[in-house]
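Have the sequence and the 3D view open as you read.

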Amino acid sequence: MNLNDVEVNSITKRFEDNVAVDNVSMSVARGELFGLLGPNGAGKSTLTKMLSGMINPTSGTIKVGGYNIQDNSMKVKELLGVVPQDIVLYDYMNARENLAFFGRLYGLSGGKLRNRIEELLKFTQLDEKAVKRHISTYSGGMKRRVNIAAALLHEPQVMLLDEPTAGLDPGNRLALWEIIRTLHKEEKTIMLTTHMMDEAEELSDRVAIMDEGKIIALGSPRQLIRKVKMENTITVVPDKITSKLIEAVQKISGVKRSYRVYDENEKIETLKIITERAEDILPNVVSAIFAVGTRIISVELSRVTLEDVFILLTGRSLREEEEQL
Amino acid sequence: MKPKRTIHQVFAIAKTDFLGIVRNKTAIFFTLLFPLFFLIIIGFTFGTQGTGETSRIRVGTVNLDGNKIYVNGTVSQDSTIGNVFVQVLKDANFTVYEYGVYGDKDSNGTAAYDISRGQIKIAVVIPANFTEALSYQYTDSSGIPIPTKARLDLYTDPSDPTGSIIAQQSMFGFISEFIKNYQEFAIDQLPEDLQDYARVLADPITISPSEADVSGRQLRWIDYMVPSTLGLVLLWSGLNHASVAIATERTKGTFQRMVIAPVSPITVLAGKLVSSLAIVYLSAVIMLASGLLLFQVNLYWNIPAIVLAVFLGALSAIGIGLIISSLSKNEEAANSIAVLISVPLQFFIGAFFPLDIMPEPAQIFGEALPFTKLVNAMQGIMTKNLPFEAVMPEIIYMTTSGLILFALGLIAYQLSLKRL
């Protein structure tokens with residue numbers, strides 16, 4: 001039994017002299033939410049296009065649901081639901097008409113198509129009034145939701161989501177995250193392409209970071225963060241700082257050092273705890289402080305993010321990449 | 001490939017494409033109604049002119065008949081036939097303006113001045129010896145009539161070739177009929193022994209009718225125009241729509257979304273072909289129905305022949321459109337190229353002007369276009385009631401060019417798939 005829904009083996013894609021994807025191998029297990037991270041031009045879109053069967057690789061093989069995409073492209077296309085980065089809908093049709101069109105492309109018709117459209121309109125929380133209006137009148141968030149619904153019509157097992165929240169405000173972004181989480185709970189295999197580190201970190205089981213056509217890091221977000229061995233700081237504001245307290249904290253496994261700092265601006269004393277595993281040791285820190293009879297006024301945790309991992313691996317930030325483009 | 005599913009896909013693509021036209025006011029105008037716009041403008045301008053109606057032709061007359069001349073050594077001022085000519089012209093329903101002199105373009109109140117300003121389409125100058133020549137008053141010393149030509153001078157505006165041709169043709173027909181009738185009358189006035197002689201001499205003005213009425217019906221300009229507009233339909237509805245059909249989908253990304261679904265690129269193309277043909281036929285129906293309703297065109301309706309000829313012509317138009325659509329970078333570029341091609345071409349297919357009035361290179365170019373062949377075939381079938389076999393050369397030409405251009409379009413489409 002094949003447990004991987006997506007298997008990419010030594011894929012390379014050349015455009016004349018430019019190598020867009022360079023000998024990439026990876027796999028995505030059934031039911032896994034796999035994040036593909038990287039700046040613009042890293043090769044994510046080319047890899048996604050090859051996975052969706054839009055373009056062929058120069059060398060290497062891709063299997064989706066156990067089928068080789070080059071040999072069984074139609075079968076693979078039926079297994080795949082692709083949500084493109086841009087809103088790819090017909091402006092002059094309403095949501096129902098758009099979904100009916102894309103449903104027919106996947107061979108749905110009659111009552112089955114109608115029922116599926118209604119299910120998806122409910123799932124994407126589009127009200128009846130909105131459904132009757134042309135797409136051109138929708139907000140960005142509504143368009144994004146229909147864009148996703150169009151890829152779900154044929155109930156695909158594997159989903160490719162290409163920057164699904166691009167250009168959305170925080171509210172709509174969170175709403176879309178909920179939709180993605182629901183799909184994940186339904187055991188869909190999801191490959192999420194994004195350049196938003198928090199999105200990848202929040203949603204993905206595993207993440208691959210791509211740069212210059214290659215995968216430069218692969219693992220769960222926590223694994224990747226641990227791998228870079230960067231120091232985190234836990235900043236505690238207790239009601240009083242004693243040497244007994246500092247001693248107790250220093251004894252906690254994983255704490256590299258701790259020290260008191262007087263904040264001139266706030267006129268308060270804070271306790272700084274330096275560690276590589278801030279999230280892991282935080283409960284122990286809190287217990288130790290309570291054990292010495294001290295109350296905690298506030299705790300702040302500055303932790304390493306995937307953004308930090310990316311900077312460490314590539315020497316530049318994703319935001320800089322965006323600004324340059 | 002499942003045939004039923006493929007048919008559903010083809011019709012889904014065609015329906016979506018068709019809705020894109022009918023729900024977009026600009027697209028409706030430029031794709032479906034632009035040829036109609038031309039038909040209405042030109043139809044109301046020239047449409048009712050032709051062999052049957054003359055009231056919209058404004059004719060200026062300069063009647064010099066009655067001016068003093070010498071005939072057989074004596075002064076004559078006979079203006080009888082000149083006056084009759086002008087009166088009959090009015091009776092024939094021409095709009096007649098009378099002038100004292102022909103003049104020149106700078107002298108207000110003269111015929112030349114009004115031609116230069118478009119007030120009249122044609123000026124007829126009746127010579128001083130018009131009556132004397134037509135009534136055989138020139139004789140030798142023994143009283144035998146000497147053949148003497150009366151020359152009618154016609155002046156038209158060279159800057160308006162179409163209007164000039166129409167006015168000239170109408171005047172030629174009128175003069176020919178007039179001379180024939182009045183010559184007979186004049187000959188009858190001669191002594192009986194000279195009448196046969198006069199008939200042999202009779203060649204007073206060498207003007208012959210411009211066209212034979214081969215259809216057996218009286219046709220107007222609009223009757224020729226409406227079948228010709230089917231050529232415009234191919235350019236505006238066929239070529240223009242096909243040019244943007246794929247390019248628009250590619251620009252919006254919907255083409256890419258279609259090919260990542262289990263839909264073959266050929267199915268997408270078939271959907272576009274169906275919608276393009278539907279738009280061509282819808283536009284053709286609008287044109288022909290408008291001709292019937294607005295201008296009461298007097299045509300022969302060989303529907304199967306019309307449907308087949310339009311289909312064959314549409315193959316060429318869609319083939320060219322497919323090449324443009326596939327090779328263009330985006331929708332905007334495709335649209336510009338299509339307009340750049342279709343706008344000049346419409347003047348070379350014989351829809352607005354007869355190719356005969358064009359310079360020879362333009363005629364050769366025009367004759368090479370499959371759209372011109374459609375115009376020729378449609379005029380033959382719809383105005384002259386020619387049998388289908390009679391337009392077979394045009395049909396064969398359109399079939400050949402249609403297949404070649406469509407094949408080239410297919411190659412361009414295949415190449416465009418590599419650019420996704």
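Two strands count as paired if DSSP finds at least two bridges between them. Helices (H or I, at least four residues) and strands (E, at least two) are DSSP runs, numbered from the N terminus. With that in hand, look at B:V59, which stands opposite B:I122 in β5(B). Strand β1 of chain B (residues 58–63) and strand β5 of chain B (residues 122–126) run parallel and are joined by five bridges.

A word on ground rules: this is a predicted model, where local features need pLDDT of at least 70, side-chain atom pairs count only at pLDDT 80 or more, and totals for chains, interfaces and linings use all residues. Residues are numbered from 1 along each chain as its sequence is written, while chains are lettered from A and ligands numbered from 1 in the order in which they are written.

Back to the sheet. It's an open one of four strands in chain B, ordered β4-β1-β5-β6, and the pairing is mixed. At the edges sit β4 (95–99) and β6 (153–156) of chain B, each pairing on one side only. Neighbouring strands are turned by 25 degrees against each other on average, direction ignored. Helix α3 of chain B (residues 80–91) lies across β1, β4 and β5 of chain B, and runs at about 170 degrees to β1(B). For such angles, axes are lines fitted to C-alpha atoms, for helices over the stretch in contact, and values run from 0 to 180 degrees between N-to-C directions.

Elsewhere in chain B, B:N302 has its place in the loop between α10 (265–295) and α11 (303–327). From B:N302 to B:V86 it's 216 residues in sequence and 43 Å in space, C-alpha to C-alpha.

Now for chain A, whose secondary structure comes to 13 helices and 14 strands. Its C-alpha trace spans about 75 × 50 × 45 Å along the principal axes. An automatic or database assignment sets the domain bounds, and here they are:

| Domain of chain A | Residues |
|---|---|
| domain 1 | 4–226 |
| domain 2 | 231–303 |

The centres of these two domains of chain A, taken over C-alpha atoms, are 43 Å apart.

Finally, where do the chains meet? Residues are in contact if their C-beta atoms, placed from the backbone, lie within 7 Å. The contact takes 21 residues from chain B and 20 residues from chain A. On the chain B side, α1 (3–22) and α9 (254–259) are the elements that give two or more residues, and α1(B) gives the most, with seven residues.

Key:
Contact = placed C-beta atoms within 7 Å.
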